[in-house]
Structure formats: structure tokens, C-alpha cells
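Keep the structure open beside you as you read.

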Amino acid sequence: MKFLNAKLLAATAIVFAAAMAIAHADTVKVSVAAEPYPPFASLDASGKWVGFEVDLANMICKAAKLDCEIVATAWDGIIPALTSKKIDVIWASMTITPERSAQIAFTIPYYNTPAEFIANKDDKFEFTPEGLKGKSIGVQTSTIHAQYVQKTYPDANIKTYGTQDAANADLAAGRLDLVLADAAALDDFLAGKDGQCCDVKTFPKDPIFEGGVGGGLRKEDTDLKAKLDAGIKAVYASGDYATLEKKYFKYEVGTPPK
């Protein structure tokens, strides 16, 4: 009897371990960028990730019946982390571009906001290559905003930053002439105490800003893409997206699925 019980216990342990392994394998690691990017994703006082993209990810995962875990990855290493399977989904305000689409797959877009230049309230600029020649422009590294200014203003003094907060701080301190970033993120900065120095100067127009933001996935993860796409469509159809959008923004940021 003792031998039989031992065999039963061993078999039960094997089944439990296998179940745990399957459960772990089914957990989808959804990664925001480790650098705070309010109102999309940032750490609260307790160290928990909060924000529009965090809430939306949880909402979409629930609709898609996926067991998701929110994690954080440094922005400049987020695509390598995906392709090496350290994470399963990039959910970090990553704009869909042809260059990125050559490396990874994307969900359908889940939001799109314009880019904007901000600067000191007293400063005026001519937004031409000649007008910004020699001007210092701050952008976050490895973003479409960095690509845009490097292409459009080759004679400007372009400074790249690991975080948007660092660029904003240098602008407020007078170490930059201009900052270019996502309008929603900069509007959050302008609404705070540190942003009282500055205001919006212009909204640049370029095809690079028109792709929208999507979740990044490995190209082979077609089933996961299909589930996330269905989840995005479901939160739009239910009206939950519109409710969440109003919580964080004063204007529409959604890109309803066609």
C-alpha cells in the first residue's frame, strides 16, 4: 500500500508539474517600455505599472481570453527581447512602420495621435530645414520622431535621449530649443508644473506618423496575433475603448478597425 501510495504521489506530482508548465507557457508576457511614458505607461507609488496602454492591454487580454502578464523592457532593447522570446508582445506605443514590419509582425492599430513640437512660450520658429538649422532638438532614441527630425532637419543639432522625461527636463532647463514627441505624452508634460515654460508650436505632417500604434509580435505567432486583433475589435464594439479613452484624453485617439 505504501508503495502504491508512493506511485500515486509521484504520478500526481508529475501531472501537477506538467499542468504548471502548461499554465506558465500559456502566460503571455506583454511588455511596456521600462522608461515611463505617461499617460500611456508609468509606475505608480507602489511600483505598479499603470496608464492607458496598461489598462487597454488588460482589457484586450480579457476579451481575447488570454492570461497576460505586464512586464517592462528597456526601449532600445525591446525588439531583441521579443525576437529572443523573453517577451511575447510589445505594447509600448510602437508606431507601425515598414522598417519595423520587416522585422516583426503587428496587431491592427489600437491608437494613433499626432506628433507635436513644443518649445519655450516666447520662442518662435520657421519649420523649414533652413529655419531650424543649428537649433537643438530633443527626441527619444529609436523612435519615429528621431527618424523624422534626422531626415527633415539634417542641419539641426539633434540630441537623443533614453527617456522622454529627460528630453523634457532639458527643454525646461533651457538646454534645448525644441522637443518633438507624441502629442498626448507632451500634453501631459505641458499640463504639469515643469511644463509651464512651454507650449505647442506645430504638428508636423509626414507619412511616418500615419501608421498608428500596434502591438508587436514575432512573425510566427499568427494565432496570438489573431486573438489580440479579435480582442481589439471586441473592446471597440463593446464601447469599452471609448470609455477608457475618455479617462485619459480630451480627444479621440482610437483607430476603429475597418
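A residue counts as buried here when its relative accessible area is under 20%. With that in mind, 44% of the 258 residues in the chain are buried. Please remember that you are looking at a predicted model.

Now for the overall picture. The chain has 9 helices and 12 strands. Among its contacts with a separation of 6 or more, 69% are made by residues 24 or more positions apart. The accessible surface of the chain is about 13,400 Å², and carbon and sulfur atoms account for 56% of that surface.

Next, find a pair of helices. Two packed helices are described by the angle between their axes and the distance between the axes. Helix α2 covers residues 52-63 and helix α9 covers residues 240-248; their axes come within 10 Å and cross at roughly 165°. Because angles over 145 degrees count as roughly antiparallel, α2 is roughly antiparallel to α9. The crossing of α2 with α9 is right-handed. On the α2 side, the residues that take part are F52, D55, L56 and M59, and they meet D240, Y241, L244, E245, K247 and Y248 in α9. Sorted by class, this contact has 6 nonpolar and 4 charged residues, with no polar ones.

Finally, turn to helix α5, which spans residues 144-152. Which of its residues are buried? They are I144, H145, A146, Y148 and V149.

Definitions and conventions
Residues numbered from 1 in each chain as written. Predicted model: local features only at pLDDT ≥ 70, side-chain atom pairs only at ≥ 80, totals over all residues. Heavy atoms only, no water. Helix = DSSP H or I, 4+ residues; strand = E, 2+ residues; numbered from the N terminus. Buried < 20%, exposed > 50% of the residue type's maximum accessible area, 1.4 Å probe, protein only. Contact = heavy atoms within 4.5 Å. Areas by Shrake-Rupley, 256 points an atom, 1.4 Å probe, with all protein chains shown as cover. Axes fitted to C-alpha atoms, helices over the stretch in contact; angles between N-to-C directions. Parallel < 35°, antiparallel > 145°, perpendicular 65-115°, else oblique. Left-handed = near helix turned anticlockwise from the far one by under 90°. Nonpolar A, V, L, I, M, F, W, Y, C, P; charged D, E, K, R; others polar.
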